[in-house]
Amino acid sequence: MTGELLVFIVLFLITITGGLLMLNLTKVIHMMMALVLTFLGIAGFYIMLSAEFVAVVQILIYSGAITIIMLFGIMLTKHTEAEPKTGWAKKGVVFTGIVLFFLIMFKGIRTISLGPQADDLHVNNTEQIGIMLYTDYVIPFELVSVVLLVALVGAVVLAKKDEKDEKEGEQS
Amino acid sequence: MIQNMLESTPSYLQTGGFFLVGVAMLMVVLGFVTYAILAERKVLGFMQLRHGPNRVGGRFGLLQTVADILKLLLKEDTIPRDADRPLFIIAPVIAFAPAFLVIAVLPLTERISFANIGVGLLYYIAISGITTIGILAGGWASNNKYALLGSMRSAAQMISYEIPLVMSVIGIVLLTGSLNLNDIIAEQQSVAFLFKQPLAFFIFLIASVAELNRTPFDLPEAESELVAGYHVEYSGFRWAFFMLAEYVYLFAMASLTTILFLGGWQAIPYLTFIPGAVWFGLKFISVVFVMIWIRATFPRLRADQLMSFGWKVLLPLALLNIFLTTIVIELFRSF
């Protein structure tokens, strides 16, 4: 057993535990905490794959920002309500679906060849990502920023509309 | 020091060595926290024409914080009946652990540095965000409206001020061409970034005070409005953990300010015979003093002022700083 395998097993256990807890816990806020655990485990995998920049951004965006925004949503809506349990029939259907998915994926993955492994990815990782983004992938990158801008404008429009309604409500 | 250890062959002795180094750093940080609290009370006292602690441990109250900590550890540990037990117990740990984790990337002197990570600066910002989850969990699990309000405020504030904080250091990253904190220090050998990026320093200082939840941005625990904010229901050592996290962040944030803007352990020209540790200590202490000074001077902001200040003043200024920096870099390159 090599050290890499050991680290992989630990990270795998963290990620899977987070996922399982996320599915099995009943309170929404506990689910969020389990989700954070999964995100952190995945960040660990990125570090193992020498993608340190992606790992840190994963923690910053997923474990930090997105989780907190979700927590906000949860706290401002439901407080103590727990999710109802699902029935056995539904569980059976879901389980069969998962088994089928696993078999198909396993069959597909087993014979796949990924080619030779790149071993110089950790050298100037951040710089390489930056250069790639601004040369080979510059058009997708700009398109993503347009999508973000549209989302931002949409949020502003929604917020403005609410404010107007409130004012009208106050006057009438 | 650590570099040699990392390159040596793995053995039980080496693992033990790493553990010892970690424990030693924890002790240094705890020592800092003990005396930072005392220094804060003393400086605040002098600024408000009081004496501050002067009974326990001689004329300067040197053992005051030690006695306070002892009291905290002996206090009864209460968990409210209607609190969410597991989350209530784990929340202080989630809040504290990242505070200690971020210290790993800070190069304190040329030889005392722990992890030389390529994305060190980003690592600090990312990991410190996890504390917010601990605070939110603690506030929610307490099942108390003041705690919940305090934790919501804290999360909103941390998200809003993290953005100007990150944006203000982009100028430094552009000038250095690296996110590695060791490279950033090396870049400041002749001129500290304080003089090259004064606007960024200004934004960074304000945003870091806000990130630390200190006055004038201490809305999450505004004593006069929210009792104590997110840790109302906590007592004893669990409460001490939240407090500890706060002061460990003070240590980390003051170190980061020193490293980013004041040149870290680099000496002022012509005074290189003084060792790096002394320089780092001097710069670090002056940053901590400024933080305490700010606390003694400014009144607390209102929640709406806080948000509009962060988004409408600091963020545009930070963007302006990036814009100016890129223009200057391009001009220098073309001539």
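Over residues 88–106 of chain A, the chain is 100% helix and 0% strand, with end C-alpha atoms 26 Å apart. Helices here are DSSP runs of H or I with at least four residues, strands are runs of E with at least two, and both are numbered from the N terminus. This is a predicted model, where local features need pLDDT of at least 70 and side-chain atom pairs count only at pLDDT 80 or more, while totals for chains, interfaces and linings use all residues. Residues are numbered from 1 along each chain as its sequence is written, and chains are lettered from A and ligands numbered from 1 in the order in which they are written.

**Chain A**

- That stretch, 88–106, is on UniProt's list of "transmembrane region" entries for chain A, along with 6–25, 32–49, 55–76 and 137–159, and the entry is unreviewed.
- A word on those records: UniProt positions are given in the numbering used here, feature names are shortened, and annotations may be inferred rather than shown by experiment.
- Residues 137–159 of chain A are 96% helix and 0% strand, and their end C-alpha atoms lie 33 Å apart.
- Chain A as a whole has six helices and zero strands, which reads α-α-α-α-α-α along the sequence.
- Of its 172 residues, 12% count as buried; a residue is buried with 20 or more other C-beta atoms within 10 Å of its own, exposed with 12 or fewer, and partly exposed in between, using C-beta atoms placed from the backbone.
- Take the contacts in chain A between residues at least 6 apart in sequence: 52% of them join residues at least 24 apart. Contact means that the two C-beta atoms, placed from the backbone, lie within 7 Å.

**Where the chains meet**

- Chain B puts 20 residues into the contact and chain A puts in 19.
- On the chain B side, helices H5 (120–128), H6 (130–141) and H7 (145–176) each supply at least two residues.
- H6(B) gives the most to that side, with six residues.
- By class, the chain B side has 17 nonpolar, three polar and no charged residues. Nonpolar covers Ala, Val, Leu, Ile, Met, Phe, Trp, Tyr, Cys and Pro, charged covers Asp, Glu, Lys and Arg, and the others, Gly among them, are polar.
- H5(B) is largely enclosed by the rest of the structure, because nine of its nine residues are buried.
- Among the buried residues of H5(B) are Gly120(B), Tyr123(B), Tyr124(B) and Ser128(B).

**Chain B spans from the record**

- For chain B, UniProt's unreviewed entry lists "transmembrane region" at several places, including residues 12–35, 121–141 and 314–332.
- Residues 12–35 of chain B are 100% helix and 0% strand, with end C-alpha atoms 35 Å apart.
- Residues 121–141 of chain B come out at 95% helix and 0% strand, with end C-alpha atoms 32 Å apart.

**Helix pairs in chain B**

- The axes of H10 (residues 198–211) and H14 (residues 303–334) of chain B come within 9 Å and cross at roughly 150°. Axes are lines fitted to C-alpha atoms, for helices over the stretch in contact, and angles run from 0 to 180 degrees between N-to-C directions.
- H10(B) and H14(B) are therefore roughly antiparallel; that label takes angles over 145 degrees, while under 35 is roughly parallel, 65 to 115 is roughly perpendicular and the rest is oblique.
- H10(B) passes H14(B) in a left-handed crossing, where the near helix is turned anticlockwise from the far one by less than a right angle, and clockwise would be right-handed.
- On H10(B), the meeting residues are Leu199(B), Ala200(B), Ile203(B), Ile206(B) and Ala207(B), and on H14(B) they are Leu314(B), Leu317(B), Ala318(B) and Asn321(B).
- That contact divides into eight nonpolar, one polar and no charged residues.
- H2 (residues 12–47) and H13 (residues 276–297) of chain B have axes that come within 10 Å and cross at roughly 45°, so H2(B) and H13(B) are oblique to each other.
- The crossing of H2(B) and H13(B) is right-handed.
- Their contact includes Glu40(B) of H2(B) and Arg295(B) of H13(B), and its residues divide into nine nonpolar, no polar and two charged.

- Ser50(A) has a positive phi of about 50° without being a glycine, and sits in the loop between H2 (28–48) and H3 (52–76) of chain A.
- Ser50(A) counts as partly exposed, with 15 C-beta neighbours inside 10 Å.
- Leu49(B) has a positive phi near 55° and lies in the loop between H2 and H3 (64–74) of chain B.
- Leu49(B) is exposed, with 6 other C-beta atoms within 10 Å.
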